[in-house]
Amino acid sequence: MNDHVPLKKLHIKTYGCQMNVYDSERMVDILRPLGYEVSDKAEGADLVLLNTCHIREKAAEKVYSEIGRLREMREEKEARGEGRMTIAVAGCVAQAEGKEIMHRAPAVDLVVGPQAYHQLPELIARTHRSKGERLSADFAPEAKFDALTVDREVSGPAAFLTVQEGCDKFCTFCVVPYTRGAEWSRPVASILDEARGLAAKGVRELTLLGQNVNAYNGLDADGQESTLAKLMYALADIEGIDRLRYTTSHPNDMGQDLIDAHRDLPAMMPYLHLPVQSGSDKILRAMNRKHGRQAYFDLIDRIKAARPDLALSGDFIVGFPGETDKDFEDTLDLIRRVGYASAFSFKYSPRPGTPAAGMPGQVPDDVADARLQTLQALIIEQQQAFKEKLIGQTLDILFDKPGRLAGQAIGRSPYLQSVFVEDAAHLIGQIHKVKIIANSNNSLKGELA
Ligand code: 5AD
Ligand code: SF4
């Protein structure tokens, strides 16, 4: 027994998307056997890992100010005689700006891109031996997943599972094809193994992750290309797996078999994140989205025909270069016609190296700000209307954690709203029918049916 070995404290801070959340959990899993224990504060940590996001400028800039804060904490820690704090930068900023980070932030010990997380123990050990050697590494996804997904800790009945990484779409505003590389799908068997392991630990709901998840085409046991729909059927067969979600999808990759699965496979939740970004044909073309607004409407019609109770969420960008008031009106019109249960919206942020950053007609900040406000007000209105419509309905709720008051439990509706219910703490980890009785700010209130 080595119970005299003091545990080392690991603080990990995650920015950006759900895939980063998944990656952070895997990094914790792979560092745990080395004696690292998660600490929720950076203060006094032996290793601080920043899992960064490069999607918009603000997200990337946050990293540099955080490194400044950490440098001070490190000095205080060393002054207290508590040893060194290792600072590592992971994620998409690491991938995109590795060299610049080392240059701008000499306090950083290690820069590690998303394809090298399985090498973290070795990279960190090398950093320690050579005090400040800084390394970065490159794309090779398969080895990574094999090493990272064997023994996952679970934190509740709902879990993320990455099935696909990277993107070949090259939307003109987006850094993902550069930071996460080309589309790559994990083999079916490796995903099923991970899912079975999760189910055995009590996971009931899986959210399959990928930058372009519906382009999934991993190889099955016969060496044939699978589809996301086929993968869904195989996952739904696993004992214990009752609910399936997937995100993020591109409209052009919504295959007919996936649409049919929304009709035929009860495990598939009636909720779909299907970003369109803009409602203007001119802007969609300039964004290189490879479809127009009518094609999006037609697609939504087909999906709703298959699953009438399906609700949608989306992503929107305002202030893309060349966007006029008329283009923006087209986006508002699209939102009104589709009707979203929820949506994310962003002000266009020029990203270095992407085609749109050099396009003429960059939209002034104040114009983009005003458009963002208008769009967000419309989305909030739709979101509230959607929640109001649920009052009186009975929904299957997966309870995943205790609420603030004794006996209370909080769960998720099929449409991802959080629902709190009194006297339901004994149901945590289970799915139960709940009648929705009120809409309260950020969540819904329900009672056991
Ligand atoms: N500026 C603003 N928003 C962006 N997104 C991606 N790149 C940019 C950018 N350069 C948004 C898109 C995408 C979401 C994840 O982030 O809406 O769907
Ligand atoms: Fe970025 Fe477009 Fe790929 Fe989505 S589909 S990750 S927005 S390039």
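Entry 1: I started with Lys 290, which sits in the loop between α10 (281–286) and α11 (293–306). The model I am reading is a predicted one. Lys 290 is not a glycine, yet I found a positive phi of about 70° there. I noted the background too: most residues other than glycine have a negative phi, and most peptide bonds are trans.

**Entry 2: a peptide bond.** With that in mind, I looked up the bond from Thr 247 to Thr 248, and it is cis, with omega near 5°. Thr 248 belongs to the loop between β10 (243–247) and α9 (256–264).

**Entry 3: ligand 2.** Which residues surround ligand 2? I wrote down Cys 167, Lys 169, Phe 170, Cys 171, Phe 173, Cys 174, Val 176, Pro 177, Asn 212, His 250 and Arg 289. Sorted by class, this shell holds 7 nonpolar, 2 polar and 2 charged residues.

**Entry 4: salt bridges.** How many salt bridges are there? I got a count of 36. I picked one to follow up: Arg 104 pairs with Glu 100, and their closest N and O atoms are 3.8 Å apart. Both residues lie in helix α3 (residues 91–104), and because they are 4 residues apart, about one helical turn separates them.

Entry 5: I traced one of its members, Glu 75, to helix α2 (residues 57–79).

Technical notes
Residues numbered from 1 in each chain as written. Chains lettered and ligands numbered in written order. Predicted model: local features only at pLDDT ≥ 70, side-chain atom pairs only at ≥ 80, totals over all residues. Heavy atoms only, no water. Helix = DSSP H or I, 4+ residues; strand = E, 2+ residues; numbered from the N terminus. Near = heavy atom within 4 Å. Nonpolar A, V, L, I, M, F, W, Y, C, P; charged D, E, K, R; others polar. Salt bridge = Lys/Arg side-chain N within 4 Å of Asp/Glu carboxyl O.
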